[in-house]
Amino acid sequence: MQIPTDFMIRMSEWMGDWPLLAEALQGEPPVSIRVNPAKAPACRPGERVEWCETGYYLSDRPSFTFDPMFHGGAYYVQEASSMCMEQVVRQLVTSPAVCLDLCAAPGGKSTHLLSLLPEGSVVVSNETVRSRCGVLLENVLKWGAERVFVTNSSPAEAGGLTHLFDLIVGDMPCSGEGMFRKDAASCGEWSAAHVRLCAGRQRRIVHEVWDALRPGGLFVYSTCTFNREENEENVRRLAEALCAEVLPLHVDAGWGIDCGAEAGLPALRFYPHRTRGEGFFLAVLRKADAPRRRISLRTGSGLRPAKPPAQVCEWIRRPEAFRFADWRGVIHAVPDCAADLFGIISERLRLCSAGIPVGRVSGKDAVPAHALSLSRAFHPEAFPRVELSWREAVRYLQREAPAPRADVPKGLHVVTYRSLPLGFARHVGSRVNNLYPQEWRIRSRRVPEEEFRIFP
C-alpha cells in the first residue's frame, strides 16, 4: 500500500511513534466478530475483544458467505475498535432509552445497541443513503430484535423530531484514514482538501440533528480516521457552539486505548499499533439541561391498527406484549415500548420497517414474512422444523429448490441449521418451494469443499 506523502508528514508532526503506526498500516488487519447473545451457541469462537463482552478475534478470515450461522444472525462481522460502543452504554446509559443510530448502514452499531441497551429501549436505525438501506435492513432483521425501526431519512428530517431521543449515535462519514489497510480505495482518495470537506460535513450533520436530542441526552460522535480536524477540533467546536459537555469514559489502561492525553480532550482513540483493531475515534457530548418540550407522540396518519387473524398471534411468543399495525399491506408486530413511536416516525421519517414484519393477509389465509422466522419473538412451535446439513443449508441460501424428503411434512415449514432458523420452505408434494428472499441469496457458486464452523 502506498501511503500518501502529505498524510505521512501530517501524522509525523504530532505522533512521536508515527513509524510504528506506519508499519502497522502495512500489516494485515485482525479479524473479529460480535456474537448475538440471543442466537449464538454457548461455545465461544476465539479470543475475546477486551472492551466488548460479545466480541471475539478469529485466527484467520474464513469465507463467512458460506456459514449458515452468519445468515441466521448468530454473529456479525465487525471491526473490533468500533465495538467500544459497549463502554458508552455500560457507563452512561442506566435506564431505557430511545436511541437514534443516525448513519447506521451496514448495521454494526445498531445490532450492537439492540443487544446492549436496557430492556424497554427502542432503536431507530437510520441510513441517509438510499442505496445502503437494503443491507442495513437485512442485517437488522437477521439480528432478530424487535425493538427497532429502520428508516431512510436525512439528518435534517430526523432533527425535526424535537427532543425525541435520549441517545444519538453519529458514526460520521469521514476521510477513512483508520481503514487504510482494509480499504485501499480510501488511501487512494485521501487529500487534505477531502479532510476539510469531511470535517465541515460532520459539523453540519450534528447541527442538523441536534434538536432531536433531549436536554441532558447523549450524542456519540465517532469516526474511523486519525486527523484532529475531523476528531478533536470538531468536537471542541461542536461543544462550544452547542453548549455541550464532553464526557470522559474510563477504560482499562492495559487495553492500549488513548483516552485524550495526546490532545487534551476526553475521547477514545484507537491506533492499530497500540490496540488490536483499526483506527477509530469516539467522543460523547452531553446536551445541556433545559426545560423539555418533547415532541408529541400522537398517532400519525401512517399507523393503521390491525387485528390479525388468530393464527398470526400463534406465530409469536407472548403476542399480548405487542401491538399490531398494517404498514403497506404487511402486518407488523411492534412491542408495547415502541408502539407510541410508530405513528410519529412513520409520519415524519421514511419508514422501511417497524418491529417484526409478521406477514400478509391474503383472503382468509395469512402468509408469514421471512423476517418472522429470524425474530427472537418467533414461536418455536409455530411451524414444523426441518434440520439441514451444512451443504443443504448452503444450497437453501443459494435459493436452490430442496429435494423432497419423506420426513418433511407437506405445507409450510422452517428450515434450520444447528437448530438456528434460516427461513421458510413449502412442501407441495412432488417438490419443495424455496421461500428464501431472492435479494438475500448467496450468489457465489464457489462453495468450499468442506464445512467450516465459527462455533465449535
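Which element supplies the largest share of the lining of the largest cavity? The answer is helix 6, with 3 residues. The model discussed here is a predicted one.

## The cavities

The count comes to 2 cavities of 30 Å³ or more. The largest cavity holds about 60 Å³ of space. Its lining is made up of F70, G73, Y75, Y76, N139, K142 and W143. At least two of the lining residues come from strand 4, and at least two from helix 6. By class, the lining of the largest cavity divides into 4 nonpolar, 2 polar and 1 charged.

The second largest cavity contains about 50 Å³ of space. V140, L141, G144, A145, G355, I356, P357, A371 and S375 form its lining. Helix 6 and strand 16 are the elements that give two or more residues to this lining. No charged residues are found in the lining of the second largest cavity, which has 6 nonpolar and 3 polar residues.

## The largest pocket

The volume of the largest pocket is about 1000 Å³. It is lined by 38 residues, of which A105, P106, R132, D171 and C224 are the closest to its centre. In terms of class, the lining of the largest pocket comprises 18 nonpolar, 11 polar and 9 charged residues.

Several elements each supply at least two residues of the lining of the largest pocket: strand 1 (31-35), strand 4 (75-77), helix 5 (108-116), helix 8 (184-189) and helix 9 (192-209). Helix 8 gives the most to this lining, with 3 residues.

## The second largest pocket

A volume of about 520 Å³ belongs to the second largest pocket. Of the 21 residues in its lining, L137, V330, C352, P357 and R360 are the closest to the centre. Two or more lining residues come from each of helix 6 (133-143), strand 14, strand 15 (351-354), strand 16, strand 17 and helix 13 (370-374).

Which element gives the largest share of the lining of the second largest pocket? Helix 6 does, with 4 residues. The lining of the second largest pocket has 12 nonpolar, 5 polar and 4 charged residues.

An open sheet is formed by 4 strands in the order 13-14-16-17, and their pairing is antiparallel. Strand 13 (322-327) and strand 17 (365-368) are the edge strands, each pairing on one side only. On average, neighbouring strands of this sheet are turned by 30° against each other, direction ignored.

Within the sheet, strand 14 (residues 330-335) pairs with strand 16 (residues 356-362) in the antiparallel sense, over 3 bridges. A333 stands opposite I356 in strand 16. Helix 12 (residues 336-348) packs on the sheet, where it touches strand 13 and strand 14. The direction of helix 12 makes about 125° with that of strand 14.

## Where the topics meet

Notes:
Residues numbered from 1 in each chain as written. Predicted model: local features only at pLDDT ≥ 70, side-chain atom pairs only at ≥ 80, totals over all residues. Heavy atoms only, no water. Pairing = 2+ DSSP bridges. Axes fitted to C-alpha atoms, helices over the stretch in contact; angles between N-to-C directions. Contact = heavy atoms within 4.5 Å. 1 Å grid on protein atoms, 1.4 Å probe; cavity = no way out; pocket = protein on both sides within 12 Å on 5 of 7 lines; lining within 4 Å. Points joined across faces, edges and corners; volume = space filled by probe spheres on them. Nonpolar A, V, L, I, M, F, W, Y, C, P; charged D, E, K, R; others polar.
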